[in-house]
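Subject: Structure handover

Hello,

Please find the structure below. My notes on what was found in it come after it.

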Amino acid sequence: MKTRITELLGTQYPIMQGGMHFVGMAPLAAAVSQAGGLGVITALTQKTPELLAREIRQARERTDKPLGVNLTFLPTFAKPPYEEYLRAAHEGGIRIIETAGRNPEAFLPGMKQLGMTVIHKCTSVRHALKAQAIGCDAVSVDGFECGGHPGEDDVPGLILLPRAADELTVPFLASGGMADGRSLVAALALGADGINMGTRFIATQEAPVHERVKQAVVAASELDTRLIMRQLRNTERVLNNEGVRRIAEIEKGMGADLKIDDILEQVAGVYPKVMIHGDMDSGAWSCGMVAGLIRDVPTVRELIDRIVRQAREIASRRLQPMLGVLHEPERLQA
């Protein structure tokens with residue numbers, strides 16, 4: 001497969017694994033890259049730049065294909081040493097950075113000086129245009145159905161992706177709701193150059209998370225996610241559980257007076273409890289509505305091969321016949 005994204009990233013397929021806290025680690029990232037996509041290591045899961053360097057080395061032991069690193073710029077109580085993380089990525093041979101959260105403009109000169117290709121995650125066309133204007137090489141456009149932070153505009157992918165295609169000149173990936181070959185074909189038809197998957201990759205054999213997490217994703221339907229922190233304008237889509245229900249009760253009780261400290265216990269430090277120890281009700285963890293399309297826990301290679309095979313079958317069996325009809329006026333008249 002060849003798109004502007006495969007040419008930019010040097011991958012076999014236009015499929016990217018997005019950064020995910022305590023999920024985007026060496027075993028998963030390497031498996032995605034080895035299977036023809038772009039695997040991404042989440043920098044801030046590693047507590048120090050030295051630990052990130054070690055994670056990159058572990059991934060490199062598994063694959064020599066292109067790898068990326070996610071670096072999320074979000075308000076935190078202690079500012080991470082972003083420049084040191086970038087240096088560790090560069091020294092580990094990483095040339096692709098996925099940025100997320102706040103505007104990465106302050107760090108772009110440094111990334112460009114290191115020869116990095118920068119993909120910025122956006123939840124609106126205006127933010128995607130800003131990323132393009134400041135010099136990002138590509139963007140990942142997240143629809144409202146995505147897991148994690150969908151922004152505050154509530155625009156689903158079916159509208160957001162063609163709007164992005166109308167406005168952008170840089171390549172872009174479709175994110176949110178991506179799970180299979182149908183997703184890939186639909187994303188390309190809507191103007192994207194590839195897909196960025198998060199939740200779907202959690203439910204794979206190589207994902208370094210507790211088995212209960214994988215089974216929770218498989219068991220969930222498209223109705224089992226919930227939006228939290230809307231009053232804080234930091235909306236997050238998470239899988240519903242007892243911890244999330246406690247957050248919802250606090251949010252309802254506090255209303256407009258809600259402060260982050262009111263729910264800190266349910267949102268801070270939750271990922272190790274869930275992803276490592278399988279404590280599924282300890283608090284909020286990101287999950288997309290696409291869980292409703294996930295039915296199994298394959299290997300990464302099985303998943304990517306299945307996506308590519310299904311996409312090709314759709315293109316040849318469903319779309320080609322349609323093109324044949326459109327080129328035969330007499331059949332249309334009949």
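Axes here are lines fitted to C-alpha atoms, for helices over the stretch in contact, and angles run from 0 to 180 degrees between N-to-C directions. Helices (H or I, at least four residues) and strands (E, at least two) are DSSP runs, numbered from the N terminus. This is a predicted model, in which local features need pLDDT of at least 70 and side-chain atom pairs count only at pLDDT 80 or more, while totals for chains, interfaces and linings use all residues. Residues are numbered from 1 along each chain as its sequence is written, and side-chain values use heavy atoms, with hydrogens and water left out.

Helix pairs

H3 and H4 pack with their axes 9 Å apart, at an angle of about 25°. The two helices are therefore roughly parallel (angles under 35 degrees count as roughly parallel, over 145 as roughly antiparallel, 65 to 115 as roughly perpendicular and the rest as oblique). From H3, the contact (heavy atoms within 4.5 Å) uses Pro49, Leu52, Ala53 and Ile56, and from H4 it uses Glu84, Tyr85, Ala88 and Ala89. By class, this contact of H3 with H4 has seven nonpolar residues, no polar and one charged. Ala, Val, Leu, Ile, Met, Phe, Trp, Tyr, Cys and Pro count as nonpolar, Asp, Glu, Lys and Arg as charged, and the others, Gly among them, as polar.

H3 (residues 49–60) also meets H2 (residues 26–34): their axes come within 8 Å and cross at roughly 40°. That makes H2 oblique to H3. Here Ala26, Pro27 and Ala30 of H2 touch Glu55, Gln58 and Ala59 of H3. The contact of H2 with H3 divides into four nonpolar, one polar and one charged residues.

The sheet

Eight strands form an open sheet with parallel pairing, in the order S1-S8-S7-S6-S5-S4-S3-S2. S1 (15–17) and S2 (39–42) are at the edges with a single partner strand each, so one side of each has no neighbour in the sheet. Two strands pair if DSSP finds at least two bridges between them; S2 and S3 (residues 67–73) run parallel and are joined by four bridges. Val40 has Gly68 in S3 as its bridge partner. H4 (residues 82–91) lies across S3 and S4 (96–101), at about 180° to S3.

Salt bridges

There are eleven salt bridges (a side-chain nitrogen of Lys or Arg within 4 Å of a carboxyl oxygen of Asp or Glu). One of them joins Asp153 to Arg126, with the closest N and O atoms 2.6 Å apart. Asp153 lies in the loop between S6 (138–142) and H7 (157–167) and Arg126 in H6 (residues 125–134), so the pair ties together parts that are 27 residues apart in sequence.

Regards
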